[in-house]
Amino acid sequence: MMLGTTPGGGLLAFALALPVLAMLLAFVAGGRQAGRIALVALLAGLVLSLAIATSVLRGGDALVLILGGWAPPLGVALRADGISAVMLLTTSVVMVGTALFAFTSYSGRGGESRASLVFWTLLLGLWGAMNAVLLGNDLFNLYVALELLTFAAMPLVCLDGRAETLAAALRYLFFALLGSLLYLLGVALLYGAYGTLDIVLLSRLARADAPTLVAAALMTAGLLAKTALFPLHLWLPGAHAGAPAAASAVLSALVVKAPFFLVLRLWFGVMPELTTGPAPQILAGLGALAILFGSALALRQARLKLLVAYSTVAQIGYLFLMFPLAGAAGATLAGAWTGGMLQAVSHALAKAAMFLGAGLIAEALGHDRMRDLGGAARLLPMTVVAFGLGGLSLMGLPPSGGFVAKWLLLNAAIETQQWWWGLVLLSGGLLTGGYVFRVLSASMAGPAAAAVAVVSPGRQAVVLVLAILSVVLGLLPLASFGLVQVGRLAP
Amino acid sequence: MSGAWLLDGVLLLAVPAIALASLLSRRVLPALAAFVAYGLLLALVWMRLGAPDVALTEAAVGGGVTGVLLIGAAARLLMPAAAAPPGWPLRLLTALLCLGVTAGLAVAVLALPEPAPTLAPQAAEQLAATQLGNPVAGVLLAFRAIDTLLEAVVLVIAVIGIWGMAPDGAWGGRPGPVQPRLADGSVALLAMLLPPVGIVFGIYLAWVGADAPGGAFQGGSILAAMWILAWLAGLVRPPRIDSLALRLLVVAGPALFMLVGLAGFVVADGFMAYPAAWTKPVILLVEAALTLSIAVALCLLVAGWPMRRARA
Amino acid sequence: MSIASAYGLLGAVLVGLGLYGVVLQAEPLRRILAFNLLGGGIFLLFGVMARRGAGAGFSGDPVPQAIVITGIVVAFAATALAVHLLLRLQAARDEPVPPEEPRA
Amino acid sequence: MSVMLDLFSVLAVLGGCFFFVAGTLGLLRFPDTLSRLHALTKADNLGLGLIVLGLLPRAGSVLGGLKLVLAWALVLLAGAAVSQVIARLAGREGPAP
């Protein structure tokens, strides 16, 4: 198969051009226009990612766009396979939800403010960077996209300008830069070994020789630091809990998924032979530790947003359980692959809902201390229900999307006779139940709390819709997840 | 070439030595001085590796502008009393880890396949279609134009990120600390004499980049350096961050590049393709806009966030 | 050993040194400096790949050379963000602490 | 004629190198900032000047020669400016240890 532009490939250009041009326009127009431009562009983006997903599903193969007519290896291609299409769609949904949620908070009414301009331009920047990561098919192009993502995410962490969040942003930046430099180091070696950085071409050339293995180790280590897999998660709780709720939602739901997505590309695309050795067991082992430690730490947090952030540490762990399970063949592989991607999507929707919900609670009560949450449920019933629905998905209870994801992974663990991963899945679910229950019981105790600010029902509805989407995923017939299998490079 | 091995030998010893000096120096300023020297020596290494385009970039950005940025920061940072160095077990562990990485890289470098895989023949073959003479410009503006475009976007995002650090009351003001005007002295003289030469040189570098070593990044960073010099001497002030002209300058390069890329759907063979008859003029136009935007962005990245609101 | 390999080993050494500084330097500015030392080593490795691929009348493979130019500018943007964040952090620590506001 | 020119080049470049070595020695050995600066500027001005002078006959074209002279002039200008700054700083902070 030579790489050539496929019908519908042109759509991919707009997935880059739309966010970038919208960001540049929002930056120049500033003031009240920034938010409007962002919202319009994001809604158009939702339509665009639906079109891309439909196109991939109909065509039954990945969409490819050769840039400038220069085919790889000399040129660079964009490529959207099933998992790109699914993640593009998830990104759009979460982004639109976040933008609707934040529209009144960062309106820029009464003259341009720092927070409004920075929030909207960088939200658009993050969206463009996510799309570039999801569509990239060239390892160096992906490096630039990853850096774009970091540079857009970091200032959102310290948007409130307090010393504490500035320190968290600096720590995040250091981890992220170290991660991308290790990744870049691997890219240099791969270029030296194969003379191309195109993932599809590399998947046919890759050998298990010294340069390739050293490159794989460095790149994986770098990406794990950026995705915050245990024990490289130290930067995450402070950064995600310190950011404004709308930013936290995007950071936790989407941004940490981008490096994970590249680990998938690397292991199942560039070097499929890696997935058969002992290496996947190590990755999944770290994932298991992340699940247990992250959940246990979430149980002990004194602040709601920190609890939700530690829950992200744990949920990232689940994503890495798919590596030893997807090394199998046939239906088991397909099941583990679908399970892993479904976990990524359902966590994105649930976690966005939970962070936005936590933000609303903090806004209404004036704080997010766990022991003083009493009465929040009477004050914001819709939000607390949304938080609970999101929790349902994280725990993996039916009928949520998280249930189907974890059930598929459990199934794969049993079929490949790796029962220990099944044990991790089950105990992780119990711990998750513990911390979700802690929030629900605390917020349901006592009479309605005194509100320091009024929260509009519209914003509560946005949160509820995101949470419902994460649950509804589990009600779709399994066959509809066939999309994630389209254009897979793995064996 | 009897002298070449001598130069290589000196560089191979001097570069790690100066890196070590920068790493181990007790005080910050000598470490920074060593770093600037490291950048200049690396520029020489790049000449030895047959990459004059990279040598120019490394000297201008890697050593020069980065050096100014770091030294300026060191002057404003109150250095905390030296913290106790980490205990020896941690240092030993880190040293072993780094040694491991170096060893792994060394093994990998020595095990690279012979003959080396290369895209040079393909680049040479396709270069004619770009109507450019400099193969590196061909890669940056045609074959891998998407990297260059995203990178120009990176600069815009970095500018927004740095502005976003402003205290709320200072939004709308001029970026960076106020530089007192140097009325006399040699720096003021330098700041008046050098920019005319430097501006000509910067524009020249950007212009010849299509066919000879140089280009938007190198030219843009020289232009930026000239503005920074005049700014440090108090001769010019950055405009307010809500100035429309300033914002247009920052986005001109990436915006034009993206629009030209989209126009490729209509007037050429697709996204980011150039119309065959107009390839070189269009590339030069894009490069001119990029040079301008890169220069402005680099200035703003050095200057920093707005610190106080300008008086109306 | 070819001269390109020798510079390749130099790159490996610089990466090790830079990494050591990134992990162990306690002062943030020194850590930023170490990041730049590390970056220099990585870019040098790209240069070695370019030199090894010299041919077709070019003194080096232009693709990795162009990659380095892009990389240097990205690294500068990273350095600028880190440096200004550090300066801002110092300024914020000097400011009087505002009363705890509700965080949304 | 060409032998004379070669001889001139070699002598001038060697002379330039001598000033660089002497200047570097001075930088390392002299006790205080001002005398170190003094040593360094000699290397810049005279050392580089002699090297440029020696290379002039080999520049190949008038434009090439002009570029060499321009490089020297720019180094002079930058060197003078930077030395002034350092000297002023040294003066403000008192005699360096």
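How many residues of domain 1 of chain A are in contact with domain 3 of chain A? The count is 18, and they meet 15 residues of domain 3 of chain A. This is a predicted model.

Helix 2 (33-59) and helix 3 (82-102) of chain A are the elements that give two or more residues to the side of domain 1 touching domain 3. Helix 3 of chain A gives the most, with 11 residues.

Turn next to the partner chain. Here 48 residues of chain A are in contact with 48 residues of chain B. Several helices of chain A supply at least two residues each to the side that touches chain B. They are helix 1 (10-29), helix 4 (114-135), helix 5 (139-157), helix 6 (163-194) and helix 8 (210-227) of chain A. Helix 5 of chain A has the largest share, 10 residues. By class, the side of chain A that touches chain B comprises 31 nonpolar, 13 polar and four charged residues.

Helix 3 of chain A gives the most to the side of domain 1 that touches domain 3. Helix 5 of chain A provides the largest share of the side that touches chain B.

Key:
Residues are numbered from 1 along each chain as its sequence is written. Chains are lettered from A and ligands numbered from 1 in the order in which they are written. This is a predicted model: local features need pLDDT of at least 70, side-chain atom pairs count only at pLDDT 80 or more; totals for chains, interfaces and linings use all residues. Two residues are in contact if their C-beta atoms, placed from the backbone, lie within 7 Å. Helices (H or I, at least four residues) and strands (E, at least two) are DSSP runs, numbered from the N terminus. Ala, Val, Leu, Ile, Met, Phe, Trp, Tyr, Cys and Pro count as nonpolar, Asp, Glu, Lys and Arg as charged, and the others, Gly among them, as polar.
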